[in-house]
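Please look over the sequence and the model shown here before reading on. The short report below goes through a few of its features one by one.

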Amino acid sequence: MSSTSADPRRWLMLIAVMLAFLPVVFDMTILHIAVPALTQALGASNTQVLWIIDIYPLLMAGLLVPMGTLADRVGNGRILLIGLMIFGAASGLAAFAPSAGMLIAARMLLALGGSMIMPCVLGIIRRTFEDDRERALALGLWGTVGSAGAAVGPLVGGALLEHFWWGSVFLINVPIMLVVVSACYMLLPRTEPTTAGKWAFGHAVLLLCGMISLVYGIKAGFAGKQAPAITLATLAFGIAMLALFARRQLRSADPLLDLSLFSRPAILAGIIMAVVATGALAGVELTLAQELQYVLDKTPLQAGIFMIPIMAASAVGGPIAGYLSNVLGLRLLASLSLFISATALGLLAWSDFGEPGVIVPVLLAVLGLMLSVGLTASSVAIMSSVDASQGGAAGSLEATGYELGTGLGITFFGVFMSAVFGHMIALPPDLSPDLGEQAMRSIGDTYLAADQLADVDAAALIEAGKAAFARTHSVLLSTAASLIGILSVAVFFVLAGYEGQRAADEDNVHP
């Protein structure tokens, strides 16, 4: 065990960085419960709502790697403090945004702060805990904050919306950040080891442009928002920028990103798990939040309480994963946890949320527990596969997977939800074509269209929308279950050589 790991302050440092991570995690899910209130207050269209939700993770997906490697160069603690201050200021701007466009802009600034925070948290944990078992426990506790925080988000959001306006889901971050910045400033070391070499700003721009262009091209093409020629040109530009970035990294003496990290099975499997699992989970949470409020007429607080089983189960998943990863091995643990998650989600697809009984809360708890175990086990393997000097870079790759999965998951589920909903809804025969076209886009647009009708006609349209969405949720959750089930099989094969490579690495370190 290194002297850094033996420092008695290491557990206080862990608490500090976990507190720093908490508001970022909240911001990933707290907004889901506020979507109906936000849509009505700002008069936001379905397209604007999707951008409000997913501009944050999509922009972070392009910023995380540059910020993670920058942190390795100049110090994780310094970048973390800057990111915390930016995130706090952006939260205040988002809370009082007067329009959907201004809220989207504030979410972009939130993404900048979040991209500085996330890789630094993992990088600091990797540097602080050199002992494998202590690191597994530390990452398990970090996983608890990530999983439980994401699950608590809807509950916190529901409680806030019960008494305040939609902007309170952002404003809550400001006092939290004031406490977190003070704690991190006092507890984190003033100096820390850094990686030699310069930080290539030009390479960072190439990566950012490539990631954003590629993701936007996928979004635009999937949603049909742009002409095919524009979509193809955007995709081609993004691929070209990423190819140029990769070429520069291979030729550089001080690459922004060590591409050899992708040759490690644990990192590759971790990224795959992060993208698919978080994408499916984000889509599921968005679906549940809308069904509970729009279809079952629950208040935001009631909808948050409905999701408590996921929150409670996720809270214990991290430490369990930290222990079981040393007992069962990552390959079996990750694959089995994802398979059980897919089974629970498949059963939820055909459950009646209006009469949940005991079965629905149990299935939600199993889903939260197993996804938390699987994703935390992946974090343990990723951070154990790199040297401490690459902690920020490895953490940024994992975080990129989470953010990319969340952003694309929201987009794919949103568009898929709209298509299925439009097919399922039976519009009243006397509804005008314009209002009918609006009502078919989403359950939120159905309510907006109903606001323009007389009471009797509005009630008929809303009932048609509720019936359509109740059928839509089965299709969406079944699709998510299938994706996670396929992922469980893929992870099992990808991790086939993990144990062998881990043993070989330890032999090289301790001949």
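## A residue in helix 18

Not counting residues up to four places away in sequence, Ile-443 touches Gln-290, Tyr-294, Phe-421, Gly-465, Lys-466 and Phe-469, where a contact means heavy atoms within 4.5 Å. Ile-443 belongs to helix 18, which covers residues 443-450; helices are DSSP runs of H or I with at least four residues, numbered from the N terminus. With a relative accessible area of 1%, Ile-443 is buried (buried means under 20%, exposed over 50%, partly exposed in between, with a 1.4 Å probe and protein chains only). From C-alpha to C-alpha, Ile-443 and Gly-422 are 9.3 Å apart in space, although 21 residues apart in sequence.

Residues are numbered from 1 along each chain as its sequence is written, and side-chain values use heavy atoms, leaving out hydrogens and water.

The chain averages a pLDDT of 77, and 85% of the residues score at least 70; pLDDT is the predictor's confidence in each residue, from 0 to 100. Over residues 1-5 the pLDDT is below 50, and this stretch has 13 contacts in the model beyond near neighbours in sequence. Where pLDDT is low, the predicted coordinates should not be read in detail.

How values were computed. This is a predicted model: local features need pLDDT of at least 70, side-chain atom pairs count only at pLDDT 80 or more; totals for chains, interfaces and linings use all residues. Helices (H or I, at least four residues) and strands (E, at least two) are DSSP runs, numbered from the N terminus.
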